[in-house]
Amino acid sequence: MKFITALSALAGAAAVNAQMTEDYLDTRTGIKFQTFTHERTGVSFGISLPENPTGTEFIGQLTAPITTGWAGVSFNGGMVNNLLMTAWVHNNEFKHALRISDSYTSAVVYTTPGPVMTPLFTEGAINATHWSFTFLCTNCNEWEIQDGEYTNIVDLASDFGVMGMGVSESELPRSPADAGSSLNKHSSSTQYGVLLGNARSADFEELKMAGLNGAAAPVPSAPSSAVPAANKRRSRR
Ligand code: HEM
Ligand SMILES: *[C@@H]1O[C@H](CO)[C@@H](O)[C@H](O)[C@H]1NC(C)=O
């Protein structure tokens, strides 16, 4: 049922080419991802999950040609009212943020307590041809919509999901030194299917700890009172 729903969501997406993630071993980090590669832009996004997903944690990896202006991912397929992440490189450093937008206009930085994005394996992640931003996302599976009306949920424990990608192939953010900079529209965007069932990995914990490079793992703040009671019950299952 979930599978069929997700598939029809995909069929409704603009570019329907049965775009799917594939197995990818990133030799730099040692992490096995389910990775989607966007043909037109050369940007890819991979996801890796614990062997027994609790539903609250994943490792993501956004890799882009060095000429890319900015790139971003929707954790739930569509752009509007879904938790987004954006990243680019400025002065040889990653600028990254979680964002949200209630319309097809610029996305603002997401500020409600809950989701946390922590960079992993940053050493050597930027070279002459590409940057590759790897991060631990904690509690990124549910979020508050800006108007406070409801919270969306991505079921990371299911076998199939839909994610989306937006890429500005050459134009930089307006203030590239600021991770929360306003953005020009992407030159290319798409949705794709994610084989979450194939993203599970026995060495998730070990690689996560290695990737933190000695930095403390984030202590996720529990989604606050802003989260409707119904969703609190749901997330405790
Ligand atoms: C000024 C900023 C932005 C504008 C004006 C904008 C506008 C739009 C529009 C009009 C579409 C519909 C397809 C099209 O006409 O191209 C779209 C799709 C999309 N956008 Fe954005 N966008 C912006 C920023 C972002 C950001 C920061 C992300 C981060 C991930 C993003 C992710 C997506 C995705 C995944 C789609 C495809 C799925 C869908 O249609 O909902 N966008 N965007
Ligand atoms: C540069 O980084 C990309 C992305 O991680 C990687 O695929 C490529 O092999 C790297 N190039 C070199 C010369 O290490």
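Ligand 1 has 22 residues around it, of which Gly72, Gly78, Met79, Gly164 and Gly166 are the closest; a residue counts as near a molecule or strand if its C-beta atom, placed from the backbone, lies within 6 Å of it. The structure is a predicted model, in which local features need pLDDT of at least 70 and side-chain atom pairs count only at pLDDT 80 or more, while totals for chains, interfaces and linings use all residues. Residues are numbered from 1 along each chain as its sequence is written, and chains are lettered from A and ligands numbered from 1 in the order in which they are written.

Two or more residues of the shell around ligand 1 come from each of strand E5 (70-74), E6, strand E13 (161-168) and strand E14 (188-194). Helices (H or I, at least four residues) and strands (E, at least two) are DSSP runs, numbered from the N terminus. By class, this shell holds eight nonpolar, 12 polar and two charged residues. Here Ala, Val, Leu, Ile, Met, Phe, Trp, Tyr, Cys and Pro count as nonpolar, Asp, Glu, Lys and Arg as charged, and the others, Gly among them, as polar.

Ligand 2 has its own surroundings, made up of Arg28, Thr63, Asn127, Thr129, His130 and Ser132. This shell contains no nonpolar residues, five polar and one charged.

Strand E5 deserves a look of its own. Five of its five residues are buried, meaning that 20 or more other C-beta atoms lie within 10 Å of a residue's own C-beta atom, whereas 12 or fewer make a residue exposed and values in between make it partly exposed, with C-beta atoms placed from the backbone. In a regular strand the side chains alternate between the two faces of the sheet. In E5, Trp70, Gly72 and Ser74 point one way, while Ala71 and Val73 point the other way. E5 runs antiparallel to E13, with five bridges joining the two, and glycine 72 stands opposite glycine 166 of E13. E5 is also antiparallel to E6, through four bridges; there, serine 74 has leucine 84 as its bridge partner. Two strands pair if DSSP finds at least two bridges between them.

Next comes the largest nonpolar core, which has 47 residues. Such a core is a set of buried Ala, Val, Leu, Ile, Met, Phe, Trp, Tyr and Cys residues joined through C-beta atoms within 7 Å. Leu49, Leu62, Ala71, Val73, Leu83, Leu84 and Met163 touch the most other members. Strand E6 (residues 84-90) gives the most to this core, with five residues. Leaving aside residues up to four places away in sequence, methionine 163 touches Phe45, Val73, Ser74, Phe75, Gly77, Tyr192 and Val194, contact being C-beta atoms, placed from the backbone, within 7 Å.

Some loop residues complete the picture. Proline 53 lies between strand E3 (44-50) and strand E4 (57-65), and is partly exposed because 19 other C-beta atoms lie within 10 Å. Apart from residues up to four places away in sequence, proline 53 touches Leu156, Ala157 and Arg200. Alanine 199 is 146 residues from proline 53 in sequence, yet their C-alpha atoms are 9.8 Å apart in space.

Most residues other than glycine have a negative phi. Asparagine 91 has a positive phi near 50 degrees; it sits in the loop between E6 and strand E7 (93-100) and is exposed, with 7 C-beta neighbours inside 10 Å. Asparagine 139 has a positive phi near 60 degrees. This residue lies in the loop between strand E10 (130-138) and strand E11 (142-144) and is buried, with 20 other C-beta atoms within 10 Å.

Terms used: Contact = placed C-beta atoms within 7 Å.
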